[in-house]
Amino acid sequence: MSVYLTVSKICKSFGSFQALKEASFSVNEGELVCILGPSGCGKTTLLRVIAGLEEQNSGEIVQKGVTISNLPPDQRDFGIVFQSYALFPNLTIKKNIIFGLQTRNQSSEIIENRLNELLSLIGLESHKNKYPAQLSGGEQQRVALARALAPSPGLLLLDEPLSALDAKVRQFLRLEIKNLQKKLGVTTIMVTHDQEEALSMADRIILMNKGVIEQIGTPQELYSKPETSFTADFIGKTNLISAKKISENKIKMFGQEFDCSEPLMSEEITVAIRPEDIKISKQLSEPNIIQGRVLEIEFLGSYSIGQIEVQYNDQKEILICHLPIDNNEQSSIAKNSQISFSLNPNSLKIVSS
Amino acid sequence: MKKSKDDYLTVFFIGIAATYILVSLALPMYAILSKSIENKDGLFIGLENYKYYFSNPSLFYSIYNSLYVSIISTIISVSLSFMFAFALTRSCMVAKPFFRSIAMIPILLPSLLAGIALIYLFGNQGIFKELLMGKSIYGPIGIVIAEVFYTFPHALLIIITALSIADARLYEAATVLRAGPIKTFFTVTIPSAKYGLMSACFVVFTLVITDFGIPKVVGGQYNVLAIDVYKQVIGQQNFEMGAVVSVVLLIPAMLAFVVDRIVQKKQVSILTARSVVYQPKKNKVLDTIMLVYCIIISICILTVVGMCLYASLIKFWPYNLSLSLKNYQFDLMDGGGWDSYYNSIKMASFAALFGTLIVFTTAYFVEKARSFKPARIMMHLLSMMPMAIPGMVLGLAYIFFFNNPNNPFNFIYGTMAILVISTITHFYTVSHLTALTALKQIDNEFESVASSLKQPFYKMFFSVTVPISLPAIFEIGIYFFVNAMTTVSAVVFIYGPKTTLASVAVLNMDDAGDIAPAAAMGMLIFFTNAAVRIAYVVFTKNILSRFQNWRFKTA
């Protein structure tokens with residue numbers, strides 16, 4: 001797979017506020033990359049810099065071997081779909097889609113063919129003479145997508161394309177956009193604040209926080225190998241526990257010793273433990289066993305979420321864990337009962353805070 | 001970043017717009033300021049003129065008089081219009097649209113027509129003279145009554161807006177907490193309309209203190225600042241002193257403007273997306289009181305207009321009351337005859353056409369251009385300025401600036417063009433705000449979409465922005481037309497022998513004692529404006545709506 005877009009050391013400030021701090025990454029040809037992060041993390045700014053709608057203070061962007069960071073947006077090769085869709089309300093669906101096709105050299109026949117191709121792609125052939133206000137949100141979203149794809153851009157930029165839709169439509173369109181993107185093979189960068197959306201759609205995720213890229217990787221990598229406490233906390237639920245290094249593969253937390261299989265870099269460390277990695281155990285002699293009191297149980301259907309309070313040296317720490325249901329052995333777990341649970345050495349992830 | 005073709009075009013248009021605002025506003029204002037610190041030979045004398053002005057007690061009195069009538073008129077006008085707006089927004093009385101239309105009539109008339117009507121009603125030979133119990137209508141009484149008539153719709157529009165954004169949840173809370181109607185009125189209604197009321201006060205105050213038509217007609221010996229400017233310039237040809245009085249007149253208007261802008265900014269946050277729109281409930285007592293009140297006010301307004309119409313149609317007041325059209329034979333009178341009416345139509349049409357063009361395109365660049373932020377903010381600030389500049393001050397500034405033989409734009413002096421430019425500049429701010437409001441409702445990403453699709457912004461502008469904004473564009477055009485027909489102050493110093501105007505003719509005929517023909521010309525202006533308004537309503541209902549069917553879901 002060849003590299004399609006390289007973003008290196010992009011910085012951008014608005015007044016004294018630093019929106020982007022040396023953001024660098026690359027996107028491969030045909031890949032769908034999600035820029036994920038909480039609101040205000042700079043993800044939309046990053047997308048707008050790639051589009052040329054904002055001018056970076058420093059850094060460089062190379063698209064297909066050409067430096068584009070100093071070109072105005074109309075000399076860059078991309079199509080964009082905004083959160084608001086920005087469909088032209090007084091133009092029909094047809095006129096919206098062909099807006100970018102009408103250049104001097106295009107014959108009307110070619111335009112008509114391309115229009116029909118796009119309409120069938122998004123499945124809205126019968127709506128071409130309607131106005132945007134007459135379509136549902138999901139349909140409008142697809143028209144915006146078709147309009148952006150009409151001139152066959154090499155790069156597709158999506159700015160929170162699903163956030164204005166109902167939950168059900170959103171789930172449906174997630175799949176549809178992903179399938180469309182794979183079918184067309186168009187390199188795509190999508191911005192979202194919804195981690196589920198990013199996990200389900202992206203080939204790779206760029207996770208951002210406060211203007212800095214925290215981690216880049218496949219959805220599985222981000223979930224199972226978080227490098228920072230922010231990543232561990234933002235992708236899925238996690239328990240963050242501070243601990244101390246004792247030896248090469250031993251750490252001290254909750255006032256007791258634990259085996260740990262990850263390499264330990266420093267004395268003071270933060271350990272991330274996923275709720276589903278906390279296993280209820282009966283054998284008290286096993287290594288990595290710890291005891292605690294069940295504070296709350298929250299029933300969620302296929303499993304329950306438990307809050308377990310661990311007491312040690314006059315300190316208290318609360319752990320979130322998954323409690324399986326429909327298991328006779330564990331169904332005895334009640335509020336306020338003391339339980340023991342084991343923490344597998346492989347499930348203790350060391351993250352930088 | 002490298003500049004695109006769009007960027008160069010944007011620079012080009014912003015450059016043109018900036019040059020226009022500079023020549024039509026900034027440089028003339030500089031000219032009048034520098035003139036006020038020069039002597040007759042054009043030598044710099046510092047503040048000598050001001051010293052002379054403030055040591056002259058009769059001129060000094062004008063300041064007191066101006067403030068006096070302005071404050072009294074403001075209190076009365078805002079109180080009356082608040083009650084009227086309350087009836088229109090908070091009661092369930094019948095015929096609300098009818099009363100609203102009646103209340104808007106004064107906007108279609110030159111302000112001094114109210115003064116003329118008062119002379120017929122309460123003057124020395126007036127019908128209701130006895131009602132004044134020996135007091136003369138010529139003086140502060142006449143000025144205040146006429147100014148209240150003239151400013152009523154301006155205040156009403158602002159207060160209606162303020163009252164119609166009430167949050168129903170506050171009223172529900174008041175009811176649940178068992179507050180009576182009086183307590184609710186003072187704890188909910190008044191506070192939420194507070195900023196609108198303040199804004200109305202400033203607007204009315206500025207209109208009154210800068211108006212000169214009404215004091216000219218019914219002021220008698222009662223001098224106000226605006227009259228002083230006129231007297232210094234037209235009567236005594238003392239341009240330096242005229243400049244000094246202008247600057248003095250500029251101060252209260254500027255202050256009112258600045259305070260109003262601060263108040264306006266606070267208004268924004270009152271209504272949130274979660275507010276529930278207030279729906280008035282039927283209340284027999286309140287509805288009846290409000291209806292009676294609106295009828296009384298409407299009768300007053302219609303009496304003023306009716307009196308003018310009647311006066312214009314009778315042979316010789318008050319001796320021969322038979323009807324005739326003799327007063328409409330303007331060619332027999334001073335003031336430029338029918339030509340001045342045709343000139344006014346021409347001038348108003350040009351102002352509507354070019355004014356709309358300039359205002360809308362400038363507002364577009366101010367709001368939607370991608371870069372050049374400092375230039376755009378500068379343009380916006382300059383666009384807000386004309387609101388604070390009295391028409392006469394602007395006119396006098398135009399004399400100083402354009403009549404200077406060294407000025408390359410000197411050739412437009414005495415032509416129709418200078419009248420059109422002065423009118424557009426005088427009414428620029430409100431039009432600019434109308435255009436901005438319309439443009440702000442359009443998605444800011446449209447320009448980004450167009451450039452991502454490699455389409456020039458002007459294609460977007462003509463095929464999307466303009467069609468979407470058509471209602472606002474027409475609104476601006478009508479606003480320019482109606483005001484160009486009625487304005488006196490912006491043009492009274494700069495019309496030439498070949499460019500006499502109807503509104504100025506009203507003034508001059510009244511000055512020459514031809515009061516009935518003055519009323520006739522005023523009525524002609526009124527009928528023209530009313531016809532344009534009605535034509536616009538019909539046009540929007542039928543033709544314009546055909547281009548707007550994308551707004552409706554079931555097109």
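Which residues touch the most other members of the largest nonpolar core? Select A:I50 and B:F84: in that core of 211 residues, these two have the most contacts with other members. Keep both highlighted while we walk through this predicted model.

**Before you zoom in**

Colour the model by pLDDT. Chain A averages 88, and 97% of its residues score at least 70. Within chain A, confidence is highest in strand β3 (residues 32-36), with a mean of 96, and lowest in strand β15 (residues 278-281), with a mean of 82. Chain B averages 86, with 96% of its residues at 70 or above. Its lowest-scoring element is strand β2 (residues 320-323) of chain B, at a mean of 77, while helix α17 of chain B is highest at 94. For the complex, the predictor gives an ipTM of 0.80 and a pTM of 0.85.

**Stop 1**

Centre on B:F84 and show its surroundings. Leaving aside residues up to four places away in sequence, B:F84 touches B:F99, B:A103, B:F152, B:L156, B:Y293, B:C294, B:I297 and B:S298. Next, select A:L32, A:L87, A:I93 and A:I111, which are among the members of a second, separate core of 42 residues.

**Stop 2: helix α17 of chain B**

Select residues 416-426 of chain B. Because 10 of the 11 residues in this helix are buried, α17 is largely enclosed by the rest of the structure. The buried set includes B:M416, B:I418, B:L419 and B:H426. What do the buried residues of α17 pack against? Show α1 (5-35), α14 (337-368), α16 (391-402), α18 (428-440) and α20 (457-486) of chain B, and you have the partners.

Now look at the N-terminal end of α17. B:T415 caps it, with a side-chain oxygen 3.2 Å from the backbone nitrogen of B:A417.

**Stop 3: a histidine in α18**

Select B:H432, which is in helix α18 of chain B. Is B:H432 buried or exposed? It is buried, with a relative accessible area of 0%. Show its contacts, again leaving aside residues up to four places away in sequence: B:H432 touches B:V359, B:A363, B:H380, B:S383 and B:M384.

**Stop 4: a four-stranded sheet in chain A**

Move to chain A and show β2, β1, β4 and β5, which form an open, antiparallel sheet in that order. The edges are β2 (17-28) and β5 (66-67), each pairing on one side only. Strand β1 (residues 3-14) runs antiparallel to β2 and is joined to it by 8 bridges. To see one position in that pairing, select A:K12 and the residue opposite, A:L20 in β2.

**Stop 5: a five-stranded sheet in chain A**

Here the order is β15-β19-β16-β17-β18, in an open sheet with antiparallel pairing. β15 and β18 (315-324) are the edge strands.

- β15 and β19 (residues 338-343) pair over 4 bridges; A:I278 has A:L343 as its bridge partner.
- β16 (residues 289-299) and β19 are joined by 5 bridges; A:I290 stands opposite A:F341.
- β16 and β17 (residues 303-312) are joined by 6 bridges; A:I297 has A:G306 as its bridge partner.

**Last stop: two loop residues**

Select A:D314 in the loop between β17 and β18 of chain A. A:D314 is not a glycine, yet its phi is positive, near 65 degrees. This residue is exposed, with a relative accessible area of 85%.

Finish at A:N336, in the loop between β18 and β19 of chain A. Its phi is near 75 degrees, again a positive value in a residue other than glycine. A:N336 counts as partly exposed, at 46% relative accessibility.

Definitions and conventions
Residues are numbered from 1 along each chain as its sequence is written. Chains are lettered from A and ligands numbered from 1 in the order in which they are written. This is a predicted model: local features need pLDDT of at least 70, side-chain atom pairs count only at pLDDT 80 or more; totals for chains, interfaces and linings use all residues. Side-chain values use heavy atoms; hydrogens and water are left out. pLDDT is the predictor's confidence in each residue, from 0 to 100. Buried means under 20% relative accessible area, exposed over 50%, partly exposed in between (1.4 Å probe, protein chains only). Contact means heavy atoms within 4.5 Å. A polar contact is a pair of N or O atoms within 3.5 Å; within protein, one must be able to donate a hydrogen and the other to accept it, and residues adjacent in sequence count only if both atoms are side-chain atoms. Two strands pair if DSSP finds at least two bridges between them. A nonpolar core is a set of buried Ala, Val, Leu, Ile, Met, Phe, Trp, Tyr and Cys residues joined through side-chain atoms within 4.5 Å.
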